[in-house]
Every structure is written in C-alpha cells, then in structure tokens.
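Please look through the sequence and the three-dimensional model shown here before reading on. The report after them is meant to be read slowly, with the model in view.

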Amino acid sequence: MNNPFIHIVRFVVLILLQVLLLNDINFLGYINPYLYILFIILLPAGINQTRLLFFSFLLGITVDMFEDSGGMHACACLLMAYVRPLILRFSFGLSYDYQTLKFSKTPFGSRLTYITLMVLVHHLTLFSLEIFNASHILSILKNTLFSGVFSILVIITVSYTHLTLPTSDLV
C-alpha cells in the first residue's frame with residue numbers, strides 16, 4: 001500500500017460518515033447510500049489478496065458493530081473483496097493485468113463499470129442476507145437497484161470531488 005496513513009484516514013472518515021450521517025437517510029423508507037465501500041473500491045489494485053480480505057472484513061465488522069447488524073456488512077464486504085480482482089480485470093483489462101492501473105487516468109466508462117459491479121455485488125449480498133427469504137426476491141432486487149443507484153451516484157460524486165483525500169489511485 002503506497003501510503004498507509006492515507007488509507008487509515010480514509011477508513012476512519014468513511015466509517016464515521018456512514019454511521020453518523022448516511023445511515024439516517026432512508027429515503028422513501030428503503031433507499032440508503034453505502035459510501036463506506038469506497039474504501040475497498042479505492043484500495044490499490046496490487047494489494048495482497050489476504051490483506052484485501054482482512055481490511056474488507058475489518059471495515060464490514062466495524063460497520064456491523066455500529067449498526068448491530070450481525071455480520072451482514074462483513075459478509076458483503078468480504079464477498080466484494082473476493083471478487084474484486086475479477087471485476088478489476090473485467091473493467092480495466094490489460095491495465096490491471098500489467099499492474100499499470102491508475103484510477104484517475106482510466107476512461108470514465110471503465111470506472112463506472114468497476115464501481116457499478118462492486119456496488120451491485122455488495123448490495124445484492126447485503127440485502128439478500130438482510131431479508132433472507134427467497135419469496136421476497138423482488139424486495140431484494142428493488143432494494144439492491146435503488147440503493148445501488150443512489151450509492152453509485154454518491155460514490156462517483158465523492159470520488160470526483162476529491163473528498164476522499166488525494167492519491168486515490170489504484171496502484
């Protein structure tokens with residue numbers, strides 16, 4: 001990891017934003033942005049998979065402790081981290097394969113694909129565990145879609161206004 005201090009600050013700031021501000025939004029009763037997953041999205045592309053899984057679990061379990069959600073966020077973050085290399089390869093292709101990926105220098109379409117897939121994996125897992133009933137698949141999909149779109153908009157806005165601190169390149 002290029003500068004651990006930046007990642008630690010990002011971790012703390014995103015968790016505080018999530019638990020103190022964003023968890024209270026509940027727009028229309030079920031739409032809630034999950035900005036804290038931006039931490040996993042912005043971790044360096046070359047990070048060791050074990051470290052990635054550890055940091056993702058730590059992020060998710062911290063949010064679970066604040067929300068008293070029984071490990072749902074930890075599970076969603078772990079799955080998101082587990083499939084992250086596949087999504088990076090799909091979204092960025094050769095830039096990821098040759099470890100030359102700079103998030104700020106990639107085309108917007110690739111970034112949007114990456115962020116969208118990461119958010120959908122997280123949200124589908126989270127809402128499936130939250131509802132945990134196959135007969136409510138439409139509720140799961142509705143929550144995933146609307147909260148996902150809201151989360152994607154918030155994540156793109158934050159990442160483009162550089163509120164997540166400088167050096168947010170996937171190196």
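**Basis of the model**

This is a predicted model, in which local features need pLDDT of at least 70 and side-chain atom pairs count only at pLDDT 80 or more, while totals for chains, interfaces and linings use all residues. Residues are numbered from 1 along each chain as its sequence is written, and side-chain values use heavy atoms, with hydrogens and water left out.

**The chain as a whole**

The chain has seven helices and zero strands, where helices (H or I, at least four residues) and strands (E, at least two) are DSSP runs numbered from the N terminus. Of the 171 residues in the chain, 46% are buried; buried means under 20% relative accessible area, exposed means over 50%, and partly exposed lies in between (1.4 Å probe, protein chains only). Contacts are heavy atoms within 4.5 Å, and among the contacts in the chain with a separation of 6 or more, 70% are between residues 24 or more positions apart.

The predictor's confidence in each residue is given as pLDDT, from 0 to 100. The chain averages a pLDDT of 84, and 86% of the residues score at least 70. Over residues 163-168 the pLDDT stays under 50, although the model has 15 contacts beyond four places in sequence for them. Where pLDDT is low, the predicted coordinates should not be read in detail.

**Two helices in detail**

The expected span in the table is 1.5 Å times one less than the number of residues in the helix.

| Helix | Number of residues | Reach, first to last C-alpha | Expected span |
|---|---|---|---|
| H4 (residues 72-92) | 21 residues | 29 Å | 30 Å |
| H7 (residues 137-160) | 24 residues | 34 Å | 34 Å |

H4 has a kink of about 45 degrees at Arg 84, shortly before the proline Pro 85; the bend at a residue is the angle between axes fitted to the seven residues ending there and the seven starting there. After H4 comes Gly 93, whose phi is positive, near 60 degrees.

The buried residues of H7, which include Ile 140, Asn 143, Thr 144 and Ser 147, pack against helix H2 (38-42) and H6. Ser 159, also in H7, is buried with a relative accessible area of 13%, and its side chain reaches the backbone oxygen of Ile 156 at 3.1 Å.

**A buried phenylalanine**

Is Phe 127 buried or exposed? Phe 127, which is found in helix H6 (residues 108-131), counts as buried because its relative accessibility is 2%. Not counting residues up to four places away in sequence, Phe 127 touches Tyr 34, Phe 132, Ile 140, Asn 143, Thr 144 and Ser 147. The C-alpha atoms of Phe 127 and Met 72 are separated by 8.6 Å, although these residues are 55 residues apart along the chain.

**Cysteines**

A disulfide is a covalent bond between the sulfur atoms of two cysteines, and here it is taken as a pair of cysteine sulfur atoms within 2.5 Å. By this rule the count is zero disulfides. The sulfur of Cys 75 is too far for a bond, because the closest cysteine sulfur, in Cys 77, is 9.4 Å away. Cys 75 counts as partly exposed at 36% relative accessibility, whereas Cys 77 counts as buried at 0%.

Conventions:
A polar contact is a pair of N or O atoms within 3.5 Å; within protein, one must be able to donate a hydrogen and the other to accept it, and residues adjacent in sequence count only if both atoms are side-chain atoms.
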